[in-house]
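Q: I would like to learn how to read salt bridges and pockets in a protein model. Where do I begin?

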Amino acid sequence: MIYLYLHIPFCVSKCSYCSFNSYPGRELLYKDYVDALKKEIASIAGVLGKNNRLTSLFIGGGTPTVLSSGLLVDLVQYTKTVFNFECGAEVSIEANPGTVNQESLEELSSCGVNRISLGVQSFDDGELVKAGRRHTAKEAENAVRMAVESGFSNINIDLMSGLPGQTGASWRKSLEKAVSLGPQHLSLYELMFEPGTLMTRFKRENKFSFPDEDELEKIDGITGQICAENEFSQYEISNYARFGFECRHNINYWLNGDYFAAGAGSVSYFNGRREKRIDSPEEYIARIRRNRTVVEESENLSREKSFRETVIMGLRMKRGVSLSVVRERYGIEALSYYGETLKKLLALELLEVDKEYLRLTEKGWPLANSIMAELV
Ligand code: SF4
């Protein structure tokens, strides 16, 4: 099964919390970038030869939809000419409100994109401004409605908790609004203060007030309640889906499965080797044109390191990590490997184990990061 990620490193502007590999103001590069991307896609397909049945294509960013729908359709159609798409393959694209319209969404849907992930973040205009988002709550609502009308029946909405000025009440309003628009999937991330971002500076300089621990706990409670009432099951730390709409592409990441990638800054993982491509889109285009490698960092993961990563990633999922799968894949017995550390976490009821899975308990869930740090 082949999973392919394509990175579009362009955005309209930079959000204040963003540390992704994305650049505003590079409109003149768009066409050349897509041409370069197509060359890299062709070379991946060439290496795979006939064994190139694609299970999932994920176009992420950045904001892929800053590209014209013509360029995006060309990219998807080109990928279809060099890869064999499995029947029912998941074809996802990330999009931002304000960069899509009815026509562009219809074109994407018609060319075979069957899952759209809309970066809404909040339905509160004040929170959106403080996060440096360029769209309004109304534009976000319209984008979701247009996606539905364009034939998308697998829609994700991203919302962010912990934004400046956010309260339990404003989170409830955003989440209720999101659910009312009929998505099949919700990605509910907590704001992270990444080094070098404006948001981290705002926090350091006390420019905004952020929800405190009590408020964040309230927000978590509201999330659990609203998602349960609306039949969204949590299947990963930040991801909730209606039955059958879990994102297959992301599940493969959490299973630490192989995946290919193309585009500036993208990372691939295949046969135990991780490769990261150069961040700069200009340099990416230049290197592809000169037939030079775009990979700037690579690492061959040892069996043990890959095993530990598989356990950590697997614990992000509600069902946990399959002990028989890791045993078969690495020849390592997870329970004995982690010895006393694991015994302690089990005794504290932060982890639980049954015949097949090792997973976080309800008590362990809010402490996921520190539990994983003990196992890494
Ligand atoms: S739209 Fe996404 S990728 Fe672009 S700047 Fe904002 S958070 Fe970053």
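Predicted model: local features only at pLDDT ≥ 70, side-chain atom pairs only at ≥ 80, totals over all residues.

Q: Which parts does the pair of Glu40 and Arg277 tie together?

A: Glu40 belongs to helix α1 and Arg277 to strand β13, so the pair links parts that are 237 residues apart in sequence. Glu40 and Arg277 also belong to a network of salt bridges with Arg273 and Glu275.

Q: Are Glu40 and Arg277 buried or exposed?

A: A residue counts as buried when its relative accessible area is under 20%. Both Glu40 and Arg277 are buried. For another case, take the salt bridge between Arg327 and Glu333, where the closest N and O atoms are 2.8 Å apart. Arg327 is partly exposed, at 36% relative accessible area, and Glu333 is partly exposed too, at 31%.

Q: Which residues are closest to the centre of the second largest pocket?

A: The second largest pocket has a volume of about 430 Å³. It is lined by 19 residues, and those closest to its centre are Glu40, Ser43, Ile44, Glu275 and Arg277. Helix α1 gives the largest share of the lining, six residues.

Q: How does the lining of that pocket divide by class?

A: The lining of the second largest pocket has nine nonpolar, four polar and six charged residues.

Key:
Residues numbered from 1 in each chain as written. Heavy atoms only, no water. 1 Å grid on protein atoms, 1.4 Å probe; cavity = no way out; pocket = protein on both sides within 12 Å on 5 of 7 lines; lining within 4 Å. Points joined across faces, edges and corners; volume = space filled by probe spheres on them. Helix = DSSP H or I, 4+ residues; strand = E, 2+ residues; numbered from the N terminus. Nonpolar A, V, L, I, M, F, W, Y, C, P; charged D, E, K, R; others polar. Buried < 20%, exposed > 50% of the residue type's maximum accessible area, 1.4 Å probe, protein only. Salt bridge = Lys/Arg side-chain N within 4 Å of Asp/Glu carboxyl O.
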